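User: I am new to this structure and would like to learn how to read it. Could you take me through a few features step by step?

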Amino acid sequence: MSVTLLIEQLLNGVQLGTMLFLMASGLTLIFGVMGLINLAHGSFYMVGAYATAAITASTGSFLIGLGAGIVAAALAGALVELIVIRRLYHRPHLDQVLATFALILIFSEGTRLIFGSSPLRLSPPSWLTGFVTLPGDTRYPIYRLVLIGVGVAISIGLYLLISRTRLGMRIRAGESDREMIGALGVNISKLYTLVFALGAGLAGLAGALVGALQSVQVGMGEPVLILAFVVIVIGGIGSIKGALFGALLVGIVDTLGRVYLPIFFRAFMPPSEATGVGAALAAMLIYILMAVILAFKPKGLFAAHD
Amino acid sequence: MTNPTSSGVAEASLAPSADSHFSRKGLVQLTLLGLLLLLPVTAYFLGHIYYVNLASRITIIAMAAVGLNLAIGYGGMVSFGHAAYFGLGGYVAGISAYHAFDFTPFMTWPFSVPGSDNLLVVWLAAAVLCGLLALAIGAISLRTTGVYFIMITLAFAQMIYYFANSWPTYGGEDGLPIYLRNGLPLVDTTNTLSYFLICFAGLVLAMAITSRLMKSRFGAALTMARLNDVRLATAGISPYPIRLIAFVISAVITGLAGALYADLNGFVSPTMLSWHFSGELMVIVILGGVGRLYGPLAGAILFVMMETLLGGITQYWQLFLGLVLLGVVLFAKHGVMGWLAGRERNE
C-alpha cells in the first residue's frame with residue numbers, strides 16, 4: 001500500500017468526481033429550476049461523445065471536435081426541451097420518468113441506426129498524451145490532470161454564472177418562485193430552454209472528455225447517469241454545492257473502494273476469494289454510502305429547499 | 001408523494017364483469033383473460049410450442065407488472081427498482097437448482113442449507129427473500145418521497161445489479177444456466193403446456209390477491225395514503241407501515257414472477273436485474289393503464305407482441321417502442337385499458 005498508489009488513486013477519484021459533477025450539476029439545475037426528473041441526461045452525454053468522435057475524425061482536431069460535441073449536445077437538449085420536455089413540467093414524476101425513458105430508447109436506437117453498434121474511436125490529442133511526474137515520484141497521465149482542471153474551471157465558471165450574472169439571478173429566482181419571476185416579466189419558457197440546453201451541454205462536454213478516455217458507444221451514458229443520480233441524492237436535489245460535494249465524495253469513495261477493498265480482504269482470505277468479495281463489495285459501496293446518508297438525512301446533505 | 005393517477009378510487013375487482021353484467025369493461029377483461037388461456041392451449045394441440053412459450057412469457061411479465069402496479073398504481077409509490085425483486089427471484093431459482101444439481105450445500109454456516117429443485121421450495125424461498133429485501137429497501141426508501149423515492153429505488157436495484165455482476169460464484173455477468181427445470185410433485189413441469197398453466201395460475205392468483213387486498217380495509221387505507229396521507233394520519237392510521245406492507249407484497253409478487261421466468265428460460269443473468277427491465281415494467285404498467293387490475297395484462301400483451309413483431313422486422317424496434325411510449329405518455333394518459341374499456345368512473 002504505497003503512497004504513490006494512494007496519490008494516483010486519489011487523483012483518479014477526483015477526476016471521476018469532476019466528470020460526475022458535470023453530469024450532476026445539469027441534472028440538479030434542471031430539477032431545481034423546472035422540477036423535472038430527466039433520465040435522458042445520459043443521452044446528451046452520449047450525443048456529446050459521438051459528435052466529438054465524428055467531428056474529430058473528419059477534421060483531425062480534437063478541440064474543434066470537442067466544441068462540436070458541446071454544441072451538438074446543447075442543441076439536442078434545446079430541441080428536446082422544445083418538442084417534448086416542456087409538455088412535462090406540470091405532469092407527475094411518473095410521466096416524466098416514462099417520457100424521458102422513451103427519449104433514452106429513441107436516442108440510443110437512433111444513434112445505433114446512424115453510427116452502428118460498434119464503438120467509435122476517440123483518443124486524446126497527441127499534445128495531451130504522456131505523463132507528468134508528481135511529488136512522491138507518481139507518474140500520472142497529463143490528460144487526466146487536464147480533465148480535473150476542466151472540471152475545476154467549469155465549477156468556478158458555474159459558480160460565477162449563478163451568483164454573479166443576470167442569467168444566474170433568474171435561475172436562482174426560478175428555483176425559489178416560478179410564478180413570481182414570470183409575473184416580473186422574465187420569459188420563463190426561454191429561461192427553461194436555456195437552462196436545459198446548458199445542462200445538456202455540460203453533459204455533452206463530460207461525455208466527450210470521458211469518451212476519449214474510455215470508449216464511445218451506445219448506452220455509455222447510462223452507468224454515469226445512475227452515478228449522477230446517486231450524487232444528487234446524496235448532495236440534496238437542486239443544490240449545486242451538494243452536487244459538487246457529492247460528486248467528489250462518490251468519485252473518491254468509488255475509486256478507492258475498487259482498489260483497496262480487494263487488498264483489504266486479502267489480509268485474511270485466500271487471494272482469489274478476496275478479489276471476488278472485494279470487487280462485489282466495492283461495486284456496492286457508494287449505494288451503501290447513499291443508504292447511510294439517507295437514513296440520517298432523507299433530503300440529502302445540502303437540501304436546497306423543501 | 002405525487003399521485004400518478006388522477007383517479008379517485010382505483011379499480012380493484014377481479015371478476016371480469018363485477019360492475020354490471022354486460023359492461024364493456026367486463027367484456028374486454030373476459031376476452032383478454034380468455035384469449036390468454038385459450039390461444040396457447042389451442043397452439044399446443046396444433047403443435048406450435050413456440051407460441052405456448054410466448055404466452056408463458058407474456059403471462060410472467062404480466063404477473064411481474066401486477067406486482068409493480070400494486071406499488072405504483074394503487075400505492076402511488078413510483079418504484080424504479082422492481083427489477084431487483086424480479087432478478088432476485090430468478091437467482092433464487094437458479095442458485096437453488098445449481099446446488100441441487102451439484103449436490104453441494106448453498107451454505108454450511110450457521111446451519112446447513114441444501115439446494116432444491118422443488119418449485120414449492122424455490123417459490124417459498126424466493127417469496128421470503130424478496131420480501132426481506134423489499135422490507136429493507138422499502139424501510140429506507142419510504143422515508144423519502146417524490147423524486148428521491150424514484151432515484152433511491154433505482155439506486156438500490158443498481159446495487160444488487162452490480163453485486164450480481166461482480167460476484168463470480170454464480171456466473172457473474174455471464175449468468176447462470178438452469179440445466180433442468182425445477183419440478184413439482186405429480187406435475188411434469190418440463191411440459192410446455194403444464195408450465196404455461198402454472199404461470200397462468202400464478203398470474204390469476206396475483207390479480208386475485210390484488211383485488212381482494214384493494215377491497216379490504218387495508219386497500220382503502222393504501223388508497224388514502226396515495227391520495228392524501230395527512231387525512232389518513234388524521235383518521236388514526238399511520239401511512240408509513242401501510243405503504244411498507246404494500247411495497248413488500250408488491251415485491252414478493254414480482255419476485256415470484258422472476259422465479260417463474262428463470263425456470264421458463266432455463267437461465268438467469270444480471271439482465272433480469274438491470275434498470276432497463278425496471279423501466280420496461282413501468283412502461284408495461286403505464287401502457288396498460290395505471291392502477292387498473294387488468295392494466296398490467298393488457299400492457300404485457302402489447303409490449304411482448306410489439307417486441308416479437310417489430311423485433312422480427314427491425315433490430316431497431318426499441319426506437320418504435322420509444323415513440324409509442326412517448327405518444328402514450330403525452331397524449332393517451334389512460335393506457336390501453338382506458339382506450340378499450342373506457343375510463344374509470346371516478347377519473
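**Reading a helix and an interface**

Analyst: The buried residues of helix 4 of chain B are covered by elements of chain B that include helix 3 (83-102), helix 5 (146-166) and helix 9 (239-265). This is a predicted model, in which local features need pLDDT of at least 70, side-chain atom pairs count only at pLDDT 80 or more, and totals for chains, interfaces and linings use all residues. Residues are numbered from 1 along each chain as its sequence is written, while chains are lettered from A and ligands numbered from 1 in the order in which they are written.

User: Which residues of helix 4 of chain B are buried?

Analyst: A residue is buried if 20 or more other C-beta atoms, placed from the backbone, lie within 10 Å of its own, exposed if 12 or fewer, and partly exposed in between. In helix 4 of chain B the buried residues include Trp123(B), Ala126(B), Cys130(B) and Ile137(B).

User: How is Ala274(A) classed, and why?

Analyst: Ala274(A) counts as partly exposed because it has 18 C-beta neighbours inside 10 Å. Ala274(A) is found in helix 11 of chain A, helices being DSSP runs (H or I, at least four residues) numbered from the N terminus.

User: How many residues of chain A are in contact with chain B?

Analyst: Two residues are in contact if their C-beta atoms, placed from the backbone, lie within 7 Å. Here 36 residues of chain A are in contact with 41 residues of chain B, and on the chain A side helix 4 of chain A gives the most, with 15 residues.

Conventions:
Helix = DSSP H or I, 4+ residues; strand = E, 2+ residues; numbered from the N terminus.
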